[in-house]
Amino acid sequence: MPKDAKALLAPRDETVSLSSPEVATLNGALPTPPVRLRVWGFEVYDVRLWTPRGFRHGQYPQHRFALELQYLRRLEGTAIAGRSIDEMRRVGQFSDTQAQTWLAAMNSLFPNVAEGDRITGVNQPGQGAEFWVNGRRAGAVNDPDFARLFFGIWLDERTSEPKMRVQLLQGLQP
């Protein structure tokens, strides 16, 4: 493999296994290869999906799956939450009241992170999203609209990172 090609591949995190509590209940879910987000040359996180057999990314709100972010730098939880709201607005419309409610929920769920920390969201179809931080359950947002838009940051065609989306969904059923 050419040296430059290796640089584009995110290293596998061997610390997360199929027995991690956040993915253990996904019955046979397998991870996609991690994909690295770089912004203005800065490495931000590696993202991967844990999907069960039969997962169709075009119908992601209807499937139970996990989306894992492993951070590569320090970030404030409030910055993660605020950026999530901005990115969710690209995916779909919601009211200012919903934005305030969801921002408050994410501010309480997302801690400040350092290199190596993981935040994993688990889609609960028709219910909302459950969040785990470094293998410990942090809580949930019980709103299916929130879950659709939040996971849409990575999975919806209107994402701000279309190349990352293509890499993340490579090999999965449309």
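Me: What does buried mean here, and how does Phe-65 count?

Reply: Buried means under 20% relative accessible area. This is a predicted model. Phe-65 has 0% relative accessibility, so Phe-65 counts as buried.

Me: Which relative accessible area does Phe-151 have?

Reply: Phe-151 has 0%, so Phe-151 is buried too. Phe-55 is also buried.

Me: How many aromatic pairs does the whole structure hold?

Reply: Ring centres must lie within 6.5 Å to pair, and planes over 60 degrees apart count as edge-to-face. A search of the whole structure finds 13 aromatic pairs. Take Phe-55 and Phe-65: the ring centres are 5.4 Å apart and the planes sit at 70°, so this pair is edge-to-face.

Me: Where in the chain are Phe-55 and Phe-65?

Reply: Both Phe-55 and Phe-65 are in the loop between strand S3 (42-51) and strand S4 (66-71), 10 residues apart.

Me: How do the rings of Phe-65 and Phe-151 pair?

Reply: Their centres are 5.0 Å apart, with the planes at 70°, so this pair is edge-to-face. Phe-65 is in the loop between S3 and S4, while Phe-151 is in helix H5 (residues 144-155). The two are 86 residues apart, and the pair links distant parts of the chain.

Me: Which residues form one aromatic cluster?

Reply: Among them are Phe-55, Phe-65, Phe-151, Phe-110 and Phe-150.

Me: Is Ser-84 buried or exposed, and what does Ser-84 touch?

Reply: Ser-84 is in helix H3 (residues 77-91). Its relative accessibility is 8%, so Ser-84 counts as buried. Leaving out residues up to four places away in sequence, Ser-84 touches Met-106, Phe-110, Phe-150 and Ile-153. Phe-110 and Phe-150 belong to the aromatic cluster.

Key
Residues are numbered from 1 along each chain as its sequence is written. This is a predicted model: local features need pLDDT of at least 70, side-chain atom pairs count only at pLDDT 80 or more; totals for chains, interfaces and linings use all residues. Side-chain values use heavy atoms; hydrogens and water are left out. Rings of Phe, Tyr and Trp (its six-membered ring) pair if their centres lie within 6.5 Å; planes under 30 degrees apart count as stacked, over 60 as edge-to-face and the rest as tilted. Helices (H or I, at least four residues) and strands (E, at least two) are DSSP runs, numbered from the N terminus. Buried means under 20% relative accessible area, exposed over 50%, partly exposed in between (1.4 Å probe, protein chains only). Contact means heavy atoms within 4.5 Å.
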